[in-house]
Number of protein chains: 2
Amino acid sequence: MNDSSTWHYENFDSTGSAIGYRITRKLDEAQSPFQKIEIFESTDWGNIMLIDGAMMLTTKDNFLYHEMMSHPALFTHADPKRVVIIGGGDCGTLREVLRHPGVESATQCDIDEQVTRMAEKWFPELCESNSDSRAELLFDDGVAYMAHCPAGSVDIVIVDSTDPVGPAEGLFNKAFYESCFKALKDDGILVQQSESPLMLLDLIKEMRAEMGKAGFGTFKTLPFPQPCYPTGWWSCTLARKGGSFDFRTDDARNKPFVTRYYTADIHTGALATPPFVAEALGE
Amino acid sequence: MNDSSTWHYENFDSTGSAIGYRITRKLDEAQSPFQKIEIFESTDWGNIMLIDGAMMLTTKDNFLYHEMMSHPALFTHADPKRVVIIGGGDCGTLREVLRHPGVESATQCDIDEQVTRMAEKWFPELCESNSDSRAELLFDDGVAYMAHCPAGSVDIVIVDSTDPVGPAEGLFNKAFYESCFKALKDDGILVQQSESPLMLLDLIKEMRAEMGKAGFGTFKTLPFPQPCYPTGWWSCTLARKGGSFDFRTDDARNKPFVTRYYTADIHTGALATPPFVAEALGE
């Protein structure tokens with residue numbers, strides 16, 4: 001192994017656990033108006049992005065997250081044409097969304113342009129759809145963007161943010177969810193990353209409660225592996241104004257693009273809520 | 001948080017990643033003829049057992065592993081009556097196996113009695129079926145035990161061991177698998193923990209190759225979350241002499257016992273091999 005490698009650890013207070021990586025060197029660093037962004041090279045995980053010291057993504061395992069943040073929602077909606085991504089500055093979710101030929105426009109609104117500039121440089125594969133004519137990249141406040149979104153204009157809102165502290169705090173409360181609710185069409189879907197199903201069920205409960213206050217009526221939390229996040233097990237929560245989480249199984253089975261994790265059967269599997277999660281969420 | 005807490009990290013050379021826990025104190029320690037066993041108290045994961053410094057289990061998340069090491073195999077076999085567990089000294093797998101009313105006898109053969117003594121003391125809930133009249137606890141060499149097992153006498157062999165280094169090294173090669181093959185009835189199933197599907201696919205491939213040399217004809221690797229093991233994503237591999245991995249779905253759906261993770265739908269989901277895993281395994 002590389003003689004100059006060292007171990008970088010991140011302690012997660014809320015889970016009482018830590019995750020670490022063997023890194024070889026710091027590749028880049030920038031202080032934006034919002035946060036400090038660092039890129040490290042690792043021995044086994046490719047490049048790693050940290051924001052304010054918190055793990056954001058690695059070359060090796062980000063496909064799990066990006067595929068699960070997008071395809072379950074897009075195959076649940078009957079015909080998603082207009083997608084908004086709040087956060088998502090690394091552009092990986094945008095890339096997955098644009099794999100769907102039926103999507104006519106996808107707007108990514110991340111407050112920090114510097115995240116995207118770093119992603120273009122160190123995770124270019126995630127940015128390969130940024131010049132797609134259907135893509136719009138905005139660098140602005142996602143809370144304000146959603147508040148000003150025309151009513152009933154959006155099919156899917158994907159909230160691909162950091163944890164509910166710091167710049168992303170405003171993306172986890174009733175006021176923001178009300179903006180999403182208003183912007184969505186009647187059959188619209190809101191998706192948000194919802195932390196660890198093992199250790200952070202209270203957060204998922206709280207998130208659902210706030211979404212409920214904003215008008216959303218049905219919820220489904222889909223777990224998936226995500227080694228670089230606390231406990232290595234993560235989730236996204238889908239919310240609808242009403243209606244079920246049945247998905248277009250045949251379309252997912254015959255999707256005209258390649259994925260590394262997501263399949264129709266993986267989607268079906270993720271809909272199977274483990275009993276201890278169902279119990280905690282009162283399902 | 002507890003002022004005296006400290007962070008304990010374990011670096012995994014083979015994955016270039018680390019996992020850590022916030023621990024409050026060491027509860028116990030023993031040096032057996034085979035290995036050093038330590039028990040720590042943690043802030044969020046209950047008790048933790050380390051063997052030679054390597055994480056074995058936590059109170060919080062062991063149910064994921066123990067349920068997935070047992071129920072998929074037991075619901076795949078048409079009528080499992082005789083089960084052998086090699087390793088498994090914490091007795092958690094034994095407990096899950098004995099939840100099946102049809103099981104007539106389950107032998108657990110772990111080389112290190114001290115592991116079971118420590119489990120009885122610090123993880124008593126895992127040992128609650130040790131006095132079941134169907135249970136036999138042996139403290140002996142699992143390789144020798146399987147070599148002397150009467151031919152065609154066993155329905156399911158579960159290899160619930162540490163990693164393929166140290167005492168468990170002999171449980172990952174053709175000679176051991178030949179003993180299992182001989183001991184199993186024609187419709188028998190071998191199950192073995194098979195490490196991380198994200199980072200250790202070469203190991204799974206090698207394991208399958210050795211099983212194949214011993215005569216096993218069909219294989220299925222089921223992923224599941226296991227936060228305390230490298231990458232937080234783990235797997236078990238099932239091997240059969242022949243035949244499929246269809247399972248008794250209705251029996252699993254109507255099982256007469258409670259589980260916290262395993263359900264028929266979770267089982268179906270785990271049978272959905274992610275494309276990147278299928279590709280690496282040549283499926």
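Between chain B and chain A, twelve residue pairs are in polar contact, both residues of each pair at pLDDT 80 or more. I mention pLDDT since this is a predicted model. Across that interface the rule also finds two salt bridges. One of the contacts to look at is B:Asp13 with A:Arg22, whose side chains meet in a salt bridge at 3.3 Å, N to O.

Where does the side of chain B that touches chain A come from? β1, β2, α1, α8 and α9 of chain B each supply at least two of its residues. The largest share, six residues, comes from β2(B). By type, that side divides into 21 nonpolar, twelve polar and seven charged residues.

β2(B) also pairs with β2 of chain A, residues 17-31, in the antiparallel sense over five bridges. Within that pairing, A:Ser17 stands opposite B:Tyr21.

Now the extent of the interface. 40 residues of chain B contact 40 residues of chain A. The buried area is about 3100 Å², with carbon and sulfur atoms giving 68%. On the chain B side, B:Trp7, B:Tyr9 and B:Leu198 lose the most area, together 15% of what that side buries.

Next, a sheet in chain A. Seven strands form an open sheet in the order β8-β7-β6-β9-β10-β12-β11, with mixed pairing. β8 and β11 stand at the edges with a single partner strand each, so one side of each has no neighbour in the sheet. Neighbouring strands are turned by 15° against each other on average, direction ignored. Helix α5 of chain A, residues 174-183, packs on this sheet and touches β6, β9 and β10. The direction of α5 makes about 140° with that of β10(A).

β11(A) runs antiparallel to β12(A), joined by eight bridges, and A:Thr221 has A:Thr237 as its bridge partner in β12(A).

Notes:
Residues are numbered from 1 along each chain as its sequence is written. Chains are lettered from A and ligands numbered from 1 in the order in which they are written. This is a predicted model: local features need pLDDT of at least 70, side-chain atom pairs count only at pLDDT 80 or more; totals for chains, interfaces and linings use all residues. Side-chain values use heavy atoms; hydrogens and water are left out. Two strands pair if DSSP finds at least two bridges between them. Helices (H or I, at least four residues) and strands (E, at least two) are DSSP runs, numbered from the N terminus. Axes are lines fitted to C-alpha atoms, for helices over the stretch in contact, and angles run from 0 to 180 degrees between N-to-C directions. Contact means heavy atoms within 4.5 Å. Buried area is the accessible area (1.4 Å probe) that two parts lose on being put together, summed over both. A salt bridge is a side-chain nitrogen of Lys or Arg within 4 Å of a carboxyl oxygen of Asp or Glu. A polar contact is a pair of N or O atoms within 3.5 Å; within protein, one must be able to donate a hydrogen and the other to accept it, and residues adjacent in sequence count only if both atoms are side-chain atoms. Ala, Val, Leu, Ile, Met, Phe, Trp, Tyr, Cys and Pro count as nonpolar, Asp, Glu, Lys and Arg as charged, and the others, Gly among them, as polar.
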